[in-house]
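Try each task before reading its solution.

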Amino acid sequence: MKNVKISVRGLVEFILREGDLDNRRTHSSDTAMIEGGRIHRKIQHSMGSIYRAEVPLSYTYLTREKDFTITIDGRADGIIDTEPVVIDEIKGTYRFLHKLENPDNVHLAQAKCYAYIYAKEEELAEIDVQMTYCNLDTEELKYFNYHYEAAELEEWFTDLMERYAIWARMEIRWHEKRDDSLAKVKFPFDYRRGQKELITHVYHTIAHKRKLFLEAPTGVGKTISTVFPTVKAMGVGKVERIFYLTAKTITRTVADNTFQILRRQGMHFKSVIITAKDKICFSEERLCNPEACPYAKGHFDRINEALFAILNEEENYSREIIEDYAIKYQVCPFELCLDISLFCDGIICDYNYLFDPHVYLKRFFADGKTANNVFLIDEAHNLVDRGRSMYTATLIKEDFLNLKKSVKVYDATMAKRLEKCNHELLLMKRECTDIKVMDSIEPFVHSLERLYESMSTYLENHDASPVRDEVLDFFFEVSHFLYIYDLLDEKYIVYSYMLGNGDFGIRLYCVDPSKNLSECMKRGISSILFSATLLPIQYHKKLLGGTSEDYEVYAESTFDRNKRGLYIAEGVTSKYSERGQKMYRDIAEYIHEIAVSKKGNYIAFFPSYSFMNSTWDVYIDMYGEENGINPVLQSEHMTEEERENFLRMFENGYDGEEGINTIEVRSDRGLLGFCVLGGIFSEGIDLKNDSLIGAIIVGTGIPMVCKENELIKDYFDEIDGNGMKYAYIYPGFNKVLQAAGRVIRTHEDVGVVALLDYRFKNATYRELYPKEWDNIQSINMANLGQKIGGFWEINGNKFILDN
């Protein structure tokens with residue numbers, strides 16, 4: 001007989017939720033939960049020998065239809081061995097307890113479930129429930145006491161379980177339908193060279209519950225090659241849920257299209273794309289409370305009806321479909337989206353929803369929850385920097401003073417504690433001239449914890465305060481800092497620093513995010529981390545939480561290498577010590593000669609806006625407007641519309657209107673884009689066929705020397721002597737690989753990639769070359785026309801232009 005498992009808390013929070021959606025209650029944060037745990041333990045320890053704390057309870061319920069069972073379990077905060085027995089449920093809050101007239105219905109229901117299970121287990125005729133509320137700031141206590149006969153609890157509990165059984169029955173029937181379809185689904189394409197082996201690697205990784213680090217060059221079909229074996233593993237019970245995690249919207253669309261392709265093969269599979277709240281929210285002000293948003297008012301009274309309808313009528317939950325149902329049932333579309341995800345087989349979302357310590361999907365991962373989840377992590381090379389960012393925290397001294405000025409007339413205690421934090425920071429500032437690595441900041445953190453308590457209490461009890469938004473914004477910064485402080489270990493550097501404007505900051509810098517990322521991936525059984533530029537694999541494996549037991553695979557490119565010309569230019573470099581007008585002229589000459597070798601669209605990528613603009617000025621001075629090609633320049637602060645227009649020029653051809661720049665753009669010429677390496681046009685864009693036939697990459701992509709890169713360098717130098725590679729060379733070369741990958745996007749594409757820096761010939765870079773770079777050639781101005789022109793002649797060039 002089928003068995004469904006659910007926690008007591010999960011059951012009552014789902015079935016019995018009611019009322020308004022209100023984000024003005026801020027204290028579900030991790031720091032508040034930790035504080036609540038401390039209060040729990042303190043109360044429990046003070047109760048004496050008749051009080052049993054954290055008692056595990058479990059009960060298996062047979063449905064009225066006798067078609068399956070439901071196992072419900074949890075831990076009672078306390079059981080008091082008196083006559084009658086008392087079930088104690090403890091809740092921490094920052095609300096003033098004199099305002100609390102009754103316990104929360106869901107909290108009381110949780111205690112009643114424990115009371116029923118214990119009474120049933122011990123064959124008790126009656127039992128008491130005590131709700132204990134504790135103010136986390138003052139530690140004041142307030143009690144609510146109830147007496148129940150076993151018979152009335154059984155009637156209440158049975159009704160609750162039958163209400164949940166409707167949802168569980170729907171899930172069981174869906175899984176049977178899904179698994180039957182997954183057993184029959186076939187791979188939807190002819191296998192490319194090496195693709196079947198790649199699919200096998202993914203399946204075996206899941207079966208062995210490991211991680212796989214996969215270098216998958218463009219063209220190997222990495223999305224279908226990871227999705228297909230994972231859904232097949234789901235069909236035989238190895239996988240409960242698939243999370244497809246991405247860094248960019250475009251790859252989310254690719255994943256969704258892949259699920260759609262398999263649906264056309266007969267697969268039944270529920271999937272949702274989680275859209276960020278800012279994008280899907282109907283309210284312009286993005287305020288989730290009943291006073292500001294009609295969808296928040298009464299949201300929980302209607303949400304289960306909306307959810308049941310959409311789950312039974314749809315399989316693919318797009319943003320548009322979710323918005324339609326949200327309007328129909330007058331519920332928050334973002335919360336509806338998150339609730340849908342609980343019933344989905346596949347969830348497509350940003351990295352944040354697994355890895356971010358505050359944004360992660362608590363529905364799935366809170367309280368150390370684990371399941372047979374598989375994480376498919378696309379464009380995984382992005383996760384190193386994203387991981388560092390998510391697990392780093394910063395506070396600025398001047399922000400404490402600014403908030404103190406705002407709140408001093410509203411909350412004297414908070415203002416006093418802000419001043420105390422400012423004083424501790426001032427002591428640190430006096431010892432810092434530029435940057436100072438700190439051994440300990442405990443006095444400051446102690447003051448910060450007191451401030452956190454004051455801010456929490458204020459926010460919980462002052463919904464209409466004129467300074468509430470300002471306090472709330474800073475509260476989140478403080479909360480994040482305290483959370484990260486609790487994670488500090490040898491993979492962190494704590495340092496203070498002076499900002500350019502004279503302000504002073506303290507930073508908890510996650511130099512090596514591997515441990516934090518690895519802990520997140522333990523929420524599933526297997527992770528497949530893949531990218532077209534996951535080189536060197538051992539570097540990414542180390543920083544992304546891999547172990548010696550995990551696997552790495554280098555998928556062979558399926559593209560014809562003869563259709564891509566690959567060149568290193570002699571005599572030019574982006575090295576700072578060699579920059580100047582002559583170098584800009586030499587680089588401009590290379591760019592021009594490559595771009596006019598065949599009519600078409602090219603992009604030249606530069607290490608910085610400054611370098612790009614300098615070369616642009618020289619290029620325009622040398623070649624002007626009448627040069628056989630349209631030069632177009634990426635500006636530093638493009639709007640979304642300007643970015644789309646820039647790309648559209650390459651994708652659709654010139655439409656005859658005014659170009660991006662002051663240079664007149666003519667429709668009878670190709671395009672030459674001047675763009676920044678590592679920017680929005682060097683990664684994540686898909687310019688197929690003739691949309692782009694050449695990438696010209698100026699420099700090795702090495703990041704600028706700065707405080708944090710130097711900290712990374714020193715940190716890894718101490719570990720294994722590879723600081724320069726970890727801080728500069730590897731991140732820079734990854735940007736080069738991304739830009740080079742813009743040219744060949746399909747098996748029909750033909751194009752050239754030119755690396756304009758003689759340093760690419762050095763052994764340090766040669767050892768980083770992808771396997772498919774085995775046909776790289778050197779060029780200079782004397783033989784450029786012969787080599788690149790010869791490439792285009794071999795590959796059917798019809799439009800060699802006169803120079």
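**Exercise 1.** Find the loop in which lysine 209 lies, and decide whether this residue is buried or exposed.

*Solution.* Start with the place: lysine 209 sits in the loop between α5 (195–207) and β7 (211–215), where helices (H or I, at least four residues) and strands (E, at least two) are DSSP runs numbered from the N terminus. Next, look at the backbone: its phi is positive, about 55°, although lysine 209 is not a glycine. Finally, lysine 209 counts as exposed because its relative accessibility is 52% (buried is under 20% relative accessible area, exposed over 50%, partly exposed in between; 1.4 Å probe, protein chains only).

A word on the source: this is a predicted model, in which local features need pLDDT of at least 70 and side-chain atom pairs count only at pLDDT 80 or more, while totals for chains, interfaces and linings use all residues. Residues are numbered from 1 along each chain as its sequence is written, and side-chain values use heavy atoms, leaving out hydrogens and water.

**Exercise 2.** Locate the cis peptide bond that joins leucine 535 and proline 536.

*Solution.* Go to the loop between β17 (526–531) and α20 (537–543), the place of proline 536. Then check omega of the bond from leucine 535, which is about -10°.
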